[in-house]
Each structure stands twice: as C-alpha cells, then as structure tokens.
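Thank you for letting me take a few minutes today.

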Amino acid sequence: MRSPIQVGRPGLVHAIRLARALQRYDRIGDAAAVYEAVSVGRAALDVPLSDPELDRTRQVSLGVALQASHSVDGNRAALDESIAVYERALASASADAETARGQSLLGTAYLTRFRLDGGDDNIDQAVAHCRVAVDMAPDEPEWQGNLSQALWLRHANRGAPADLEEAVDLARRAANGTPPGHADESRRWQNVGSVLLARYQESGVESDLDEGIAADERALGVVGRKSFGEALCRSALCAALTRRFQLRGHATDLDDAIAMVEPALELLVDGNPDRPIALYNCGAAFEMRFRLTGSTADLDEAIAMFQTSLAAAQPTGRDATFARSNLGNALRSRFELTGRRGDIDMAIDVLRAMDPSTTNREVRPSFLNNLAAALSARFDTFGAVADLDEAIAITHQTLAAAWPGHPGRARYQANLGGLLQTRGRDGEPEDLDEAIAAVRAGVRDSRSGDPEQGGRVLVLSRMLLSRFRARGTASDLIESSELAYDAARAQVAPADIRMEAARLWAELATERDGPTAGLEGWRYALDLLPLIAWQGIGRADQERRLYEVFGLASAAAATAISAEQPELAVEFLEHGRSVIWNQILDARGDFAELTAAAPELSIRLAEVRAALDIHLAADLSAAVAAASTDRTRLAREWDQLIDEVRRLPGFAELLRPPRFDKLAAAACDGPVVIVNVSVARCDALIVTTTGVRVVPLPNLTAESVVDHVNEVYAAPILMPTGLAAMLTADRVITALLEWLWRDVVSPIVAELGAVERIWWSPTGYLTLLPLHAATDPGTGTCAADRFVSSYAPTLRSLIAARATIARPDRGDKVLVVAVPRAPGAAELNVGPEIEAIRTRFGDRCLVLDDQDSTRERVLAELPRHHWVHFACHGSQQLDNPSTSALILHDHPLTVLDLAGLHMTGGELAFLSACETAGGGALPDESIHLAAALQVIGFRHVAATFWPVYDAPAPIVTEYIYDRLSRAGTATDTGRLLHEATRELRTLGHPPIIWAPYAHFGP
C-alpha cells in the first residue's frame, strides 16, 4: 500500500482528519469524534481516486467510522451502511494486509448484527469473513481476536465444542501477541476473559473461571479511564464475579460485581448497543444478592435493570433474550413475596413471548426453567392443574436442552423433583419415588461450593421424611436427618435455607434420640438469626424474614425444658427474641474497654455504625436516600470488624448472646416470669438470681392463645358502641381474664408464694394480653391483688433499663404532648390530664398541643426532656407493627421514628394513648411503642394493651403524677401504676377500663 503522503492533497487532508478523529474516539471515547470521522469519510469518497487500493483503504476507513457510530448511539442504519461499504470495498480486492483488515472488520460488523438480530446467516458470515482475515495474516492479533469472538458466539448459538476450543486458543494467542501499551491490549484480554467464562459455563472447569477473571482484571487495569472500553471491561468483570459467587458462594463477589458495573452504566449512554448487556449483568448481580440476603430493594433494582435492558435491546437479539428470561424470573420471585397476581401473570407473559425453537442454545435451558418455575408458582397459589402439568412438561424440555456438564442441570433436576412431589400430593403417590430420584440426581450433579446445593439437600431431606411418614422405612428417616444436618451446615447457602434445615435437623434428632439430641440443632438455628435479620438489608425485609421463622425460640426452649435444662431454655429465648432491638442496643453499646485496648478498631466501628444509622433513617423516611449497595458493604464491614475484635484477648464474647449467669441479674429485685408458648408444650420459667424453676402449664396451648387474641382484638370488643356491644365486650374481657388465671397465672402464683413484685416476659401472642389482670373466677381476686406486676420484653431489656442511673429531681422540664384533635380521629378530652400535670409541675411543663404537636417538633424535643407524657390517639398495626404510632397533629409518630433517636437520661415516658404495648404479627420482637421508648433510653414506660377511655385517664394520670412530683423521681412508677389501676377497680370500673395499663421497666 502506498504511503499516505502520495495521496493528492484533498485526499491527504481527509485521511489525516479521519485517522485523528478515530484515534480520539479510541483514546477517550469522544462521541463527537466519531461523527466527525463519518462526515470526513463520506467527504473523502467525493474526491475521485484512480488508485483502487487507495480507494479501498478510504472505504474501509469509512466503514470503521460507521461501526464506531453505531457503537456510540445504536444507530442501526450506520451498522448496515458499514456492512455495505465493507462489501463494496472488498468486491475486487487483492490478498494484501488492507484486504485482511477489511475482511475482519466486515466479520465484526456481521457479528454485531448477529448480537442484535440473531440469525444463522449473520453468525456464519461473521466467522467466514474473520477466518479469511486470519488465513491471510495468521499471526495478526487483531484478526485472531475477532475470529475468536465470532466462534465463541457461534458456539453459544449452536454448541459445537470445536468452535469454543478454537475461540479460546485464538483469544490467548491474540492477547499474548499484543505488546504492553498497545491500544487494543485491554480489548484482547477482555476477549480472553469472555471466552474462558463461556468455557467454564460449558464444562465447569474452575481454572477457566479463575483465569477468565484474571484476564478481565488485567484488561481493566490497562484500559483508558472513562472510556467505552472501561465500561465494557467493568460489565464483563461483573458477569464473571457473579458466576464466581454461584460457584463458591462468597458474598463479597456480589458486592464487588455491583460496585464494578455501576460506573459502566454512567459511561454507556442511552442508545449505546452495549448498554443492554451491562444493565443485564448488573441486574443479575442484584437478583443473586436478593436470593442470598432477602433484600427486596435488591430485587426491585434487578427488575428495573432487566426492564430497562429489555427496552433498550433489539427485540430479537441476544441481549433481549437474556433480559427477558431473567425479568420473568425476578417477577416470579416478587410474586412469591407479595402475592400480587399482576407480577406472576406478567412473568409468564414475558417468558411466553420467547420462542423456544428460535431461542439460542446458550439461554434456552434457563429460559425454559424460568417459565416452568413461574407456572409452578402460579399453580401453588391459584391451583390451576394445567399450570402444574405444563410446568412439568417444560422442565423435561429444560433437561433435554441442557447439555451434559451444563451448570444448571443440578437445579433443573431438583426442580423436576419438586414438581413431581407436588403432583404426587395431588393424587399420584408413585410420583414421590420419581421425585426423590430426580432431586437426588440434582444433588449428585451439583458443583462443589454451589450456593444452591444446600437448598437441594434440604428438599431431598423433606421428601425422604414424607416417604418415611407414608411408608415407615427407617432408613428414610435416618437419611433425612443426616441431610438436614448437611444442609444446615452448608456455609455458602442462604441463611433462610440453613435456618429451615437446622430446625428440621433439631426436630428429627429429637424424634429419633430424645430432646437432648435436638439441642445442638436448635442452637445452630438460633445462631443464624443475625443473618436472617441482617442489618445489611432494610427494616421491612428484616421483619418479613423474622416473621417466616416465628416461634423458633419458643420451640427451642421447649426442647431444652424437656431435656431438663431450663437455664439453656432461658438463653434460647433471649437469643431468639427482640433480635432487631438487640442489634440496635449492641451497636449503641459501651465500647470503652475496646477503645482502651484497640482505639483504631473502636473508632472504625463507631464510623461504620454512624454510616449504618443513615440507612436506619432511610428505613424511616422515603425522603432519605441511601444506596442498598452501600448498606450491604457497611454491614459486611461491621461483621468483619466484630470478628476481628473477637480475636483480641479478652473480647471473644463481644456482642455474643449472654449466658444465663449474666441474665440472672435481671431478677435482682424480684423474679422474672417467662411464659413460653410453643406447639410442643407450654411452661412458665421463673427466673431468680439463683436459677430457674419450671412450672408446666398443661392446659395452655398455642392454639388457645391465638383464639383468645383473635376474640379480644375483634373490632367491636375493644371499641364497643351501644349498650349491647358494651355488655358483650365486658363478657369477652371477663372470660379472657378468667382463662388467663385458670390456664396461665394460677399455677405460677402457687409456685411463687408470697412475693411483692414480679416481671412478666411472655412469648408469642401471649405478649398481647394483660397477665397482670388475670382474675380468679371463684373469688374475684386478680394477680394485682397479690403482687405488683411489670413487663420486660427480654431479660436483656430489663438489665439495660436498670443500668440507666435513676435521676433525682433537678427541675427538668416535663414534655407534654396533647393532641385533642387529630386528622381523621375522634376528638379527645385531654384537658383534665394536662391540667393534672400542670398543677404539679407548673412552668416546668412544655406543652405541645394542637398545631404545635407536629412530628418534627416532638422528635426534636424528646432528647431534651427526661419525662414525657403523651395524651393522644394511638394506632396499633398488628400486620405491620413498625408503623404503629402515636397520632400527632400532622403525621403519625411511629415505632420506626422513635427507633431513630438515641438519648441518655430518660426517666419516664407515659403513653396515655390506645394500644401502645402490643407487638402484633411479630410478637417476640416486641415491636411496639413502649419497647421503642425503652430502647432509645427511657427507664420507665407506662403503656396500654388496648384502647383507653377519656373518663378514667385523668384519674390514672393525677394519681401517678401527684406522687411522682412529691417523690422527685420516677423510680416507683411501676408500683404507682399498679395502685392507680386498683383505684379504678375500687371505683367500680369494669376490666376493659383498668386491665390494659402496663408498666415496662425496673
């Protein structure tokens, strides 16, 4: 080829401008340079040339510019024009270097068109033209790399092993033949990463994955910053890290994958043809992290990514196929969480839009599997047998489409087993043996370290247990128990799978060998609770996941009681209740000793805790933005720091659940009575400083507790209107208190003997009922006639409240929040209560009423006051207890709002409001207003189990504040509330009036 200086002057100017523009694009990703190159290239064609070689050169250069233009903005016309330009330039070409270059570039253009449209002709043309280039110049790295890409994608489409092997060989040769610092060095190493990842997915050889990631990292290390090349490297590395998580289960790979690809999305603007696959890769990492942690924020992010990817991709192209398949799967997952019919129908519609006969071989198995899973999920909820039958048929197709060694075969085998078992439950028992065989094959074919393996083992364990129950084959029970043990200890499996497996392990060990044998499994299950309610996910997700394991601690305690280890039962209950509150208390604990021993660690813990508090604020308010990825990273760092601290001498037990010898301190002023309600048995555990006494409660059952709660909390009972309703309410409440005496309190009273003060710590739905008001139907006396009662969600909460030093009266102001008129609520007569407090505290009262009682003002004033009195409506949300609230002038003051505060020196919070002491759907978590106020720093909290009435409220308020003002301290709040409610009884008020008042604190 002639030197450029031999071109005529106009041609020379155009050639130089074109070359410089393309160099600028390659170096810094300047999109404007591409458009300039196209313009210059077209202008060059207007200059007549008699030399055919020079004419071919400038046509090829224009083709390069047009391809680059398509890469920048997805302009399809530019891609098609580039193919036409290349083909015209090569129509009558000689076998020289420029012709080889043109052939390879034409091949890459066809390859791009294949990515967009699919089509056998496109990929065959790509391979053919790229091969011509390599045949003409066998040692040219660029042509080797381009042919490697074409062969890789043809293999993905058709599955010819020879194509993939040749692709790997060519990619390595191209990369190794590229000198350091070369403009294409990064692209060629990225190509090595891509083809090795493809071969890993084909064969499962781990060294291919590791070498591929190393190649991707090398590519990223040498690419130009803020360039399109950097975006492509980041996207490829994200995909590889996600695959490595699937292999080895290291959660940090998912965090790194997401952090890796997010900057790429900023570099790949809308319209860029590489943006859809980057969006898909990012969505896949978010979806995988959701499956690990249960974060619905991650799931929603994944769905948004897949939807955006699908919208940006060519409808029939490879990128759209990937996005569509995963979008359907993610929508199915969200349906399983929310039950929204629209999600599952949309999932099936999205997946049905794919044609199995034309879907490429690479994605066909996963697409079919996702469609089967969606149909199965819809059957499980709505029961259409046609959905189940189709799901089974499609899963058979999935296995047929998955070649030997396919990384998903184990999953597909297990899914078929689950579907067959479901069909067996619906009338075809012979399906169970086939189901077990299918799942067993899936377990056998699973790769070492697969995070999904634990789930498959658990499924097989449950199937074998079902067969044992049906046929009595002892070997099935033994194997089921062993498999449950294995699944529980699968370190890379999601925490919810391990928890379920540990619970099954404990139950089967107890069934086979007695209660003592089951204790290890229960202890293991309880140790997983911090992962179930991991602080790296949002508060709503924590609560949802805890709801799914409701009753765990009580079941474990029941086994410990049966094993005659009551102190261990107490430890189990402490470990498994108030998990979320304990996280907050632990994080806000005193690290003074650590500061002295390891100041840098202590400072970093404080910094991470402060950063995590931002995410707590995000839980509280939609107006506070906090990235889920940042939260995950911080939570993981917190866990790592705690592990590091525990390796220091003297800190091995930092933030671990306390042992009984520490917990017994809760009973220093009187016994604490834990009432454990479980399906297996119900007992009272009387905790004293010297040990635990067990009081069996044989007449109490978990079912009877639920029945009474449902009856009492029925709307007409607690808010009766009219004489008939009031008589019914009185009858129901009286019957409740008599039942509590007969089945719960009476045996405890007999065991306690003469005591002046006790603390109740019930479990389960018994936390919603007033044990202190239990009444003997024979004599009419109640528990309050025998001793002063207070409540403690856990022993730890009582110890923490006692640790707050009681403050003498220093003339501190009393905050009074009075809301007689709240939007949408009945008007309250709060005047007498305010007057009762003002009379005793005078100008020490700061009264926020009417328009002054806003949420923002109350939250600002609370930390400045050590005494606070609320006279307002309360709202108990049984299904979503974190939104239970005090109704203020503008916005509700919720449990979550209060949880965001951290104060010291709080003495008394008096909640003269309805329903502030019950936790609803998560009773063992004590997510209610009284607990929230204790956690943020108030020693004493007076609250109510159900609605209170205007008339008696001033009597209670005046009685208590009259005596507290004279005492100058809130220390006797529990005794004074006890006396005030007895005063109501003396005045002849029925139980519905006096029974709901309860004291929390020392």
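Let me begin with a definition: a residue is called buried when its relative accessible area is under 20%, exposed when that value is over 50%, and partly exposed in between, using a 1.4 Å probe and protein chains only. With that in mind, R857 is partly exposed, at a relative accessible area of 32%, whereas E861, at 8%, is buried.

Please note that this is a predicted model, in which local features need pLDDT of at least 70 and side-chain atom pairs count only at pLDDT 80 or more, while totals for chains, interfaces and linings use all residues. Residues are numbered from 1 along each chain as its sequence is written, and side-chain values use heavy atoms, with hydrogens and water left out.

R857 and E861 form a salt bridge, N to O 3.2 Å, where the term stands for a side-chain nitrogen of Lys or Arg within 4 Å of a carboxyl oxygen of Asp or Glu. Both residues belong to helix α39, residues 855–861, and sit four residues apart, about one turn of the helix; helices here are DSSP runs of H or I with at least four residues, numbered from the N terminus.

Turning to helix α32, residues 628–646, we find E637 and R633, again four residues apart, and they are joined by a salt bridge with the closest N and O atoms 3.7 Å apart. E637 is buried at 18%, while R633 is partly exposed at 43%.

What about R378 and D387, buried or exposed? Both are buried, and their salt bridge has its closest N and O atoms 2.8 Å apart.

Finally, D120, D124, R154, R158 and D163 are linked in a network of salt bridges, and the search of the whole structure finds 74 salt bridges.

Conventions
Helices (H or I, at least four residues) and strands (E, at least two) are DSSP runs, numbered from the N terminus.
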